[in-house]
Amino acid sequence: MDAIRIEGGKPLVGEIVIGGAKNAALPLMAAGLLTDEPLTLTNMPELADITTMGNLLRQLGMRIDQSALGAGADIAEAGATGRTMTLRTEKIASVTAPYDLVRRMRASVLVLGPLVARHGEAKVSLPGGCAIGTRPVDLHLKALEALGAKIELKQGYVHATVAKRLKGAQIIFPKITVGGTENVLMAASLAEGETVIENAAREPEITNLAECLNAMGAKITGLGSGTLRVTGVEKLHAARVPVVPDRIETGTYAIAAAITRGSLKLKGTRYDLLKAVFDSMKQAGVEITETPDGIVVSAKNGLKGVDVMTEPFPGFPTDMQAQWMALMATADGASMITETIFENRFMHVPELTRFGADVNVHGTSAIVRGKTKLSGAPVMATDLRASVSLVLAGLAASGETLVNRVYHLDRGYERLEQKLEACGATIERVGGG
Ligand code: UD1
């Protein structure tokens with residue numbers, strides 16, 4: 001099993017190109033099930049989760065053609081590099097998302113809405129437990145039921161069926177859910193009549209999906225707000241849509257600049273995608289400037305501790321919580337980090353303390369007492385964002401860090417070592433671990 005070895009303690013200086021968002025690309029790929037015409041996605045990231053989703057969608061009857069990295073047209077179109085992927089599902093060949101795929105990647109559940117809307121049937125394995133909490137799909141199921149789907153749970157699978165077409169309905173989510181909002185948006189696009197989604201998630205990835213569905217002929221209004229109105233259409237058609245820049249990759253490299261007290265230019269991304277994190281970074285004393293093609297992040301010693309609380313967009317994202325904790329461990333003074341989205345999302349804490357970080361967890365909050373100097377250690381990655389927080393701590397720490405179980409990183413960070421190495425980090429992938 002691969003590990004990442006880091007010789008830390010060097011300020012990072014240079015330029016990093018931000019890719020398309022994994023969490024936007026996954027639902028956009030699922031949207032390809034909604035039509036028999038081609039859906040072309042540009043600025044696609046190259047990640048393990050994208051490969052897993054591709055394998056699932058192929059099983060369901062989708063044909064996927066990919067072009068090489070950085071095709072000229074994409075650069076002009078999306079202002080960024082990335083692959084172009086053309087998806088075409090002339091016929092649904094299977095309606096089953098099997099356990100071994102859903103277990104590996106929870107986003108597989110996003111095929112549920114499109115399959116039942118276009119084909120009248122879907123069988124999707126329940127995701128089961130997950131490293132960061134129970135993460136149920138009850139809200140996805142209730143919403144699809146409201147649209148007229150019959151839902152049965154059998155042998156660990158959700159079996160959703162509808163005799164004719166789904167019917168528009170009013171859906172009020174009792175809790176904001178990104179995946180739930182995406183499943184309903186896709187299903188409602190092909191339903192009969194109007195669907196109103198209240199308390200919808202407002203993440204940029206949702207807006208990207210709604211824009212894609214509209215480009216395919218759907219009628220969705222209220223983009224970016226908590227109320228989405230969808231007027232269903234009988235058929236969707238071909239479209240070409242760019243994937244929004246990855247705000248979590250952006251934030252992770254912004255923290256890499258700050259934690260090493262360096263300066264990085266992040267190209268192909270946008271400030272507004274991550275305002276809550278940038279505002280907190282500025283409060284901590286990090287300098288952030290917007291440029292026409294991205295953001296420049298620079299920091300010097302003497303950063304201050306700043307409290308944050310994770311919230312749905314536009315709040316501070318839970319997917320940046322672990323990275324923030326690594327940064328706060330190097331700041332002067334204490335900070336409190338409160339996690340409100342997922343239970344059990346402090347698994348990086350015992351690993352961060354191996355670097356000398358002073359962190360105490362009390363229920364859903366963690367108190368970080370900052371120290372300016374961390375020292376390298378062998379550590380173990382537990383999930384995607386937790387593992388990158390260990391890489392960040394390793395970049396700041398003096399001496400050698402070995403991050404084990406890095407397959408988690410490959411799910412969401414494209415060419416991480418290469419991007420960091422180009423900015424002066426001593427980092428390499430090694431076998432074993
Ligand atoms: C998405 C992101 C993930 C991010 C999360 C929150 C993707 C592929 N993943 O995950 O990176 O951390 O949003 O920003 O986009 N919940 C229920 N019942 C449900 C659905 C959700 O109780 O049916 C709960 C969850 O357990 C969690 C909260 O709602 O506590 C938010 O989850 P949700 O927004 O659905 O997260 P995901 O879409 O799984």
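Two strands count as paired if DSSP finds at least two bridges between them. Strands themselves are DSSP runs of E with at least two residues, helices are runs of H or I with at least four residues, and both are numbered from the N terminus. With that in hand, let's walk through the model. It's a predicted one, where local features need pLDDT of at least 70 and side-chain atom pairs count only at pLDDT 80 or more, while totals for chains, interfaces and linings use all residues. Residues are numbered from 1 along each chain as its sequence is written, and side-chain values use heavy atoms, with hydrogens and water left out.

Let's start with a sheet that includes β21. Four strands make up this open, mixed sheet, and their order is β18-β19-β21-β20. At its edges you'll find β18 and β20 (358-362), each pairing on one side only. Inside the sheet, β19 (residues 334-338) runs antiparallel to β21 (residues 365-369), and five bridges join them. If you want a spot to look at, Ala334 has Arg369 of β21 as its bridge partner.

Now for another open sheet. This one also has mixed pairing, and its four strands come in the order β2-β15-β17-β16. Because β2 (13-17) and β16 (287-291) each have a single partner strand, they stand at the edges, with one side left without a neighbour in the sheet. On average, neighbouring strands here are turned by 15 degrees against each other, direction ignored. (Axes are lines fitted to C-alpha atoms, for helices over the stretch in contact, and angles run from 0 to 180 degrees between N-to-C directions.) The pairing of β2 with β15 (residues 263-267) is parallel, over five bridges, and Val17 finds its bridge partner in Lys267 of β15. Helix α9 (residues 247-259) lies across β2, β15 and β17 (294-298), and it runs at about 165 degrees to β15. Contact here means heavy atoms within 4.5 Å.

Next up is the ligand.

Some side chains come within polar-contact range, meaning a pair of N or O atoms within 3.5 Å. Asp138 has a polar side-chain atom 2.7 Å from a ligand nitrogen. Ligand oxygen atoms are 3.0 Å from an N or O atom in the side chain of Arg106 and 2.6 Å from one in the side chain of Asp319. On its own the ligand has 740 Å² of accessible area, and the protein covers 87% of that; the areas come from the Shrake-Rupley method with a 1.4 Å probe.

Phe313 and Pro314 are joined by a cis peptide bond, with omega about 10 degrees, and Pro314 sits in the loop between β18 (308-309) and α11 (321-329). Asn43, in strand β3 (residues 39-44), has a positive phi near 60 degrees despite being a residue other than glycine.

Note on methods
Polar contact = N/O pair within 3.5 Å; in protein donor to acceptor, adjacent residues only side chain to side chain.
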